[in-house]
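Dear colleague, please find below my notes on the model under review.

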Amino acid sequence: MRTARSAVVHWDEEAGILTVGLGEEADGSGRSLLIQRQFGEFSQQDVALGQDTYCLMTEDGATCYGGITGFVLDGSAVKVTLSEEAASILGLSVQQSIDLEIDAGDRERLEHAMVQVLAGGDANEQPFRR
């Protein structure tokens, strides 16, 4: 995805999951990148499988846990650096530069949410409300 015309940030209070999505088209269709993080306790199985972090998903269902080594929101673009393993699993290049054709409010929500996704947070903290 070279350009994102939609950005979604959704906090599911009941499930304790923060979802951040970038879509190629304004209606969310086309190429996409979703990032989800559960806030709360992880199961022993999640920990054993390395799934006790955020999850990255593409529009074709490719999924990996962790793997973002850099995330910079710079004006009207976002630059995402992936680990070699994450890039391979997702079928993407290590360096992603995505032009953002979204409004300032969506950019602010995106930045705020990604800080929380990448930082993790306290299991008792409710990470996102706007």
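1. Composition. The chain holds three helices and nine strands; helices (H or I, at least four residues) and strands (E, at least two) are DSSP runs, numbered from the N terminus. Read from the N terminus, the elements follow the order β-β-β-β-α-β-β-β-β-α-β-α. The radius of gyration is 14 Å, close to the 14 Å that the globule rule gives for 130 residues, so the chain is as compact as a globular protein of that length. Here the radius of gyration is taken over C-alpha atoms, and the globule rule is 2.2 Å times the number of residues to the power 0.38.

2. Basis of the values. This is a predicted model, in which local features need pLDDT of at least 70 and side-chain atom pairs count only at pLDDT 80 or more, whereas totals for chains, interfaces and linings use all residues. Residues are numbered from 1 along each chain as its sequence is written, and side-chain values use heavy atoms, with hydrogens and water left out.

3. Overall dimensions and surface. The C-alpha trace spans about 40 × 35 × 25 Å along its principal axes. Of the 130 residues, 41% are buried (buried means under 20% relative accessible area, exposed over 50%, partly exposed in between; 1.4 Å probe, protein chains only). The accessible surface amounts to about 7100 Å², and carbon and sulfur atoms account for 44% of it; these areas come from the Shrake-Rupley method with a 1.4 Å probe, and for residues only the protein chains shown count as cover. Among contacts (heavy atoms within 4.5 Å) between residues at least 6 apart in sequence, 38% join residues at least 24 apart.

4. The five-stranded sheet. An open sheet is formed by five strands in the order β2-β3-β4-β5-β6, with antiparallel pairing; two strands pair if DSSP finds at least two bridges between them. Its edge strands are β2 (6-12) and β6 (63-65), each of which pairs on one side only. On average, neighbouring strands of this sheet are turned by 15° against each other, direction ignored. For such angles, axes are lines fitted to C-alpha atoms, for helices over the stretch in contact, and the angles run from 0 to 180 degrees between N-to-C directions.

5. Strand β3 and its partners. Is β3 enclosed or open? Six of its seven residues are buried, so β3 is largely enclosed by the rest of the structure. Seven bridges join β2 to β3 in antiparallel fashion, and β3 also pairs with β4 over seven antiparallel bridges. Thr 19 stands opposite Gln 36 in β4, while His 10 stands opposite Thr 19 in β3. Asp 12 faces Ile 17 of β3 across the pairing. The hairpin of β2 and β3 has four residues between the strands, and within this hairpin Gly 16 takes a positive phi near 70°.

6. The β5-β6 pair and the cysteines. Strand β5 (residues 55-58) runs antiparallel to β6 and is joined to it by three bridges; Met 57 stands opposite Thr 63 in β6. The whole structure contains zero disulfides, a disulfide being a pair of cysteine sulfur atoms within 2.5 Å. The sulfur of Cys 55 is 7.1 Å from the closest cysteine sulfur, in Cys 64, which is too far for a bond. Cys 55 is buried at a relative accessible area of 8%, and Cys 64 is buried at 5%.

7. The four-stranded sheet. A further open sheet has four strands in the order β1-β9-β8-β7, with mixed pairing. β1 (3-4) and β7 (68-74) are its edge strands, each pairing on one side only. β7 pairs with strand β8 (residues 77-82) in the antiparallel sense over six bridges, and Phe 71 stands opposite Val 80 in β8. Helix α3 packs on this sheet, touching β7 and β9 (95-100), and its direction makes about 160° with that of β7.

8. Helix α3 and the other sheet. Which strands does helix α3 lie across? This helix (residues 104-119) lies across β2, β3 (17-23) and β4 (32-38), and runs at about 130° to β3.
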